Amino acid sequence: MKGISLNPVEKPFRKTGDPIALTSESPLHPRRKSRRIMVGPVPVGGGAPISVQSMTNTLTANVGATLQQIAELTAAGCDIVRVAVPSQDDADALPEICRKSPIPVIADIHFQSKYVFQAIDAGCAAVRVNPGNIRKFDEVGPSICKAATDAGISLRIGVNAGSLDKELYAKYGGPTPEALVASALKEAHMFEDVGFHDFKISVKHHDVITMVETYRLLASKGDWPLHLGVTEAGPAWQGTIKSCLAFGALLAEGIGDTIRVSLSAPPVEEVKVGCKLLEYMGLRPRKFDIISCPSCGRAQVDVIQLASAVTEGLKDITAPIRVAVMGCIVNGPGEAREADLGVASGNGKGQIFIKGKVIKTVPEDQIVDTLLTIANDIAAQMEAEGKVPANATGPVVVPIQHPGR
């Protein structure tokens, strides 16, 4: 892919837990005080900026395909990537993937503890373990902690509703918040009892309310960094809604240190949603944004078609500009005036605004082309002036199905 390098990257990995100055506060609520760990060079917890994660869906043993997808995720704004390691071939591929990945790699391990040790030896920045399905975890856990300590990497305890310990399932009558938290606490205390503290915890559930209640309960029990996730969230539109509801509720209370939006969609879409979510919560600087009015009886143009065409045409723009696509004379001029670039449409024409001033009026059938041309010109100028962040992302594009097409 043009502009994406697959060359080996020199990794300035720090020993896990090292303090660094980078912090991020929420405008809505003070961040929960959590301990800080490191995932390679990415700080998690301790007030560090909330990181966005995703997971490759390639066969990990296919090194070329996996690295290509990691590069695409990186370009979309992903901070940390997880790769599945269900087989020996996947474990054997980890050294090259870790060496060449531009972002920290987490190995996702289930059932076979031997792959945990191979992942640590391969240079993974962290390992995700699910104590509920690792064979004889009580016995191998201390050895895992020692290996992670010696390598200077962190771990994630991943508790899921779908793989809850059978005894806890029976005791609590299912994957309730209390059951999930009890599972997480059991494993956290096992790690801490052998002197290992460099881990974060996730307690995922597919139900939004259960997930929020679980994280609230866990957050009250200790200072571990928390990885937020709604597991099995569903198809793109449904999973986006679930994730935004759950993450929004928790982040508004200061709970959460790193996030993964889980969608039945290409991983890049997970990253786009995650980045935009943090932007709109005031936890990341605003980047490219499109605002558009809803369709209503006042609109004198097809707002749905107009907004869809502009969004699709600007899907590759990453410059931090705001574009307003408005369809009536009530709110249109005001919103268009507030944007970097905007249009107020009506009576078969559109007034084009740049930085609050009308620069031209064009016929309705020229609105889209005019906006796309100007937006690309603005973006090109900002890139030339070095005003586009390296990890800038484009808009989140939700395809609109038109009847008869």
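**Labels and their grounds**

Reply: Phe191 and Phe196 are both buried. Bear in mind that this is a predicted model.

Me: What makes Phe196 count as buried?

Reply: The cut-off for buried is under 20% relative accessible area. Phe196 has 2% relative accessibility, so Phe196 counts as buried.

Me: Why is the pair of Phe191 and Phe196 called edge-to-face?

Reply: Two values decide it. The ring centres are 5.9 Å apart, and pairing asks for centres within 6.5 Å. The planes stand at 90 degrees, and over 60 counts as edge-to-face. Therefore Phe191 and Phe196 are an edge-to-face pair.

Me: Why is the pair of Phe196 and Phe199 called stacked?

Reply: The centres of Phe196 and Phe199 lie 6.4 Å apart, within the 6.5 Å limit, so the rings pair. Their planes are at 15 degrees; under 30 degrees is stacked, so that is the label.

Me: Which residues form one aromatic cluster?

Reply: Phe191, Phe196 and Phe199 do. The structure holds three aromatic pairs, and among them are Phe191 with Phe196 and Phe196 with Phe199.

Me: How do you know whether Phe199 is buried or exposed?

Reply: Its relative accessible area is 0%. Buried means under 20%, so Phe199 is buried.

Me: What makes Arg35 a charge over the ring of Phe199?

Reply: Arg35 lies over the face of Phe199, at 5.5 Å from the ring centre. The distance limit is 6 Å, and the charge must also be within 35 degrees of the ring normal.

Me: How do you know whether Thr214 is buried or exposed?

Reply: Thr214 has a relative accessible area of 0%. That is under 20%, so Thr214 is buried. Thr214 belongs to helix α7, residues 208–219. Beyond its neighbours within four places in sequence, Thr214 touches Pro177, Leu180, Val181 and Val203.

Me: What span is expected of helix α8, and what does it reach?

Reply: Helix α8 covers residues 236–251, 16 residues in total. At 1.5 Å a residue, 22 Å is expected. From first C-alpha to last, α8 reaches 21 Å, close to that value.

Me: Which residues of α8 are buried, and what covers them?

Reply: The buried ones are Gly239, Lys242, Ser243, Ala246, Phe247, Gly248, Leu250 and Leu251. Their cover includes α7, β9, β10 and α9.

Me: How many of the chain's residues are buried, as a percentage?

Reply: Buried residues make up 54% of the 405 residues in the protein chain. The chain has 12 helices and 15 strands.

Technical notes:
Residues are numbered from 1 along each chain as its sequence is written. This is a predicted model: local features need pLDDT of at least 70, side-chain atom pairs count only at pLDDT 80 or more; totals for chains, interfaces and linings use all residues. Side-chain values use heavy atoms; hydrogens and water are left out. Helices (H or I, at least four residues) and strands (E, at least two) are DSSP runs, numbered from the N terminus. Buried means under 20% relative accessible area, exposed over 50%, partly exposed in between (1.4 Å probe, protein chains only). Contact means heavy atoms within 4.5 Å. Rings of Phe, Tyr and Trp (its six-membered ring) pair if their centres lie within 6.5 Å; planes under 30 degrees apart count as stacked, over 60 as edge-to-face and the rest as tilted. The expected span of a helix is 1.5 Å times one less than its number of residues.
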